Amino acid sequence: MEHDASVAVLRQQMSTFAKPWFRSCSEVLEKNNISGLDCLDLGSGNGEFSQVLRDKFAMNVTCADYIPFHLKQAETLGFETLSVNLEDDAQSVDRIAKEHKERFDIVVNLATIEHVFDSDNLLRFVHTVLRPNGLLLINTPNISFWAYRLYSGLNGNRPYGEGHHIRFWDFRFLRTNLFFNGF
């Protein structure tokens, strides 16, 4: 957690809205005419994409994170915040989720799930806080991407230099985990 907190400060100094996962998420929202919803930005970081959700898509955004610096940044930007550490024990995460049961129309989770040890906590949390027929917009690097496959074929292992990714995902693995967590 100390490492994450120090990275949070550095990340704020290098904040950018040009991340490819921000662009792809915006494209999905535009293509499907999704706007004006109650949104939880889960793993919001410093609120960069939360600003896009609010300003471009007229969403009422709540920023959720576990790092106090991130939450303070989000509050500075005018967002409601929700402190949740998805690495806590399941009972603690479930308690917070139940406090916000069926509160959100959409949960946006960008480039976060690969950093979480207990992805079941994350997915169960999302399933609880979403309203019936709510939307989950999740984004994670795809380990089945041709460049990762080429790297693995040449080096015999998973990519290095991925930051602190805990788990690598592909479409089938993500779909299976979503199913097992109620989606």
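**Results: loops, cores and cysteines**

Let's start with a loop: Asn33 lies between helix H2 (20-31) and S1. Helices here are DSSP runs of H or I with at least four residues, strands are DSSP runs of E with at least two, and both are numbered from the N terminus. The model is a predicted one, in which local features need pLDDT of at least 70 and side-chain atom pairs count only at pLDDT 80 or more, while totals for chains, interfaces and linings use all residues. Residues are numbered from 1 along each chain as its sequence is written, and side-chain values use heavy atoms, with hydrogens and water left out.

Back to Asn33, which has a phi near 50°, a positive value in a residue that isn't glycine. That's worth a second look, because most residues other than glycine have a negative phi. Asn33 is exposed, with a relative accessible area of 68%. On this scale, buried means under 20% relative accessible area, exposed means over 50%, and partly exposed falls in between (1.4 Å probe, protein chains only).

Glu102 is another non-glycine residue with a positive phi, about 55°. Glu102 sits in the loop between H5 and S4 and is partly exposed, at 40% relative accessible area. Setting aside neighbours within four places in sequence, Glu102 is in contact with Thr128, Val129, Leu130, Arg131 and Pro132; contact here means heavy atoms within 4.5 Å. From C-alpha to C-alpha, Glu102 and Val129 are 4.5 Å apart in space, though 27 residues separate them in sequence.

Zooming out, the chain has eight helices and five strands. Reading along the sequence gives the pattern α-α-β-α-β-α-β-α-β-α-β-α-α. Of the 183 residues in the chain, 43% are buried. Among contacts with a separation of 6 or more, 67% are between residues 24 or more positions apart. The accessible surface of the chain is about 10,100 Å², and carbon and sulfur atoms account for 54% of that. The areas come from the Shrake-Rupley method with a 1.4 Å probe, and for residues only the protein chains shown count as cover.

Now for the inside. The largest nonpolar core has 22 residues, and Leu40, Leu42, Leu86, Leu122 and Phe125 touch the most other members. A nonpolar core is a set of buried Ala, Val, Leu, Ile, Met, Phe, Trp, Tyr and Cys residues joined through side-chain atoms within 4.5 Å. Two or more residues of this core come from each of strand S1 (38-42), helix H5 (90-99), strand S4 (104-110), helix H6 (119-129), strand S5 (130-139) and helix H8 (171-180). H6 gives the most, with five residues. Apart from this core lies another one, of 18 residues, including Leu29, Phe49, Val52 and Ala74. As for Leu40, its contacts beyond four places in sequence are Thr62, Ala64, Leu82, Phe104, Ile106, Val107, Val108, Phe125 and Val129.

The buried residues of H8 are Leu174, Asn177 and Leu178. They cover an arc of only 105° around the axis, so they end up on the same side of H8; the arc is taken over the directions from the helix axis to the C-beta atoms. An α-helix has 3.6 residues a turn, so residues three or four places apart point the same way. The buried residues of H8 pack against H6 and S5. The face turned away from the buried side of H8 carries the exposed residues Arg172, Phe179 and Phe180. After H8 comes Gly182, with a positive phi near 100°.

Helix H4 (residues 68-76) contains His70. His70 counts as buried, at 5% relative accessibility. The side chain of His70 makes a polar contact (3.3 Å) with the side chain of Asp65. A polar contact is a pair of N or O atoms within 3.5 Å; within protein, one must be able to donate a hydrogen and the other to accept it, and residues adjacent in sequence count only if both atoms are side-chain atoms.

Lastly, the cysteines. Taking a disulfide as a pair of cysteine sulfur atoms within 2.5 Å, the count comes to zero. Cys25 is in no disulfide, and the nearest cysteine sulfur, that of Cys39, is 8.3 Å away. Cys25 is buried, with a relative accessible area of 3%. The sulfur of Cys63 is 8.5 Å from the closest cysteine sulfur, in Cys39, which is too far for a bond. Cys63 is buried as well, at 0% relative accessible area.
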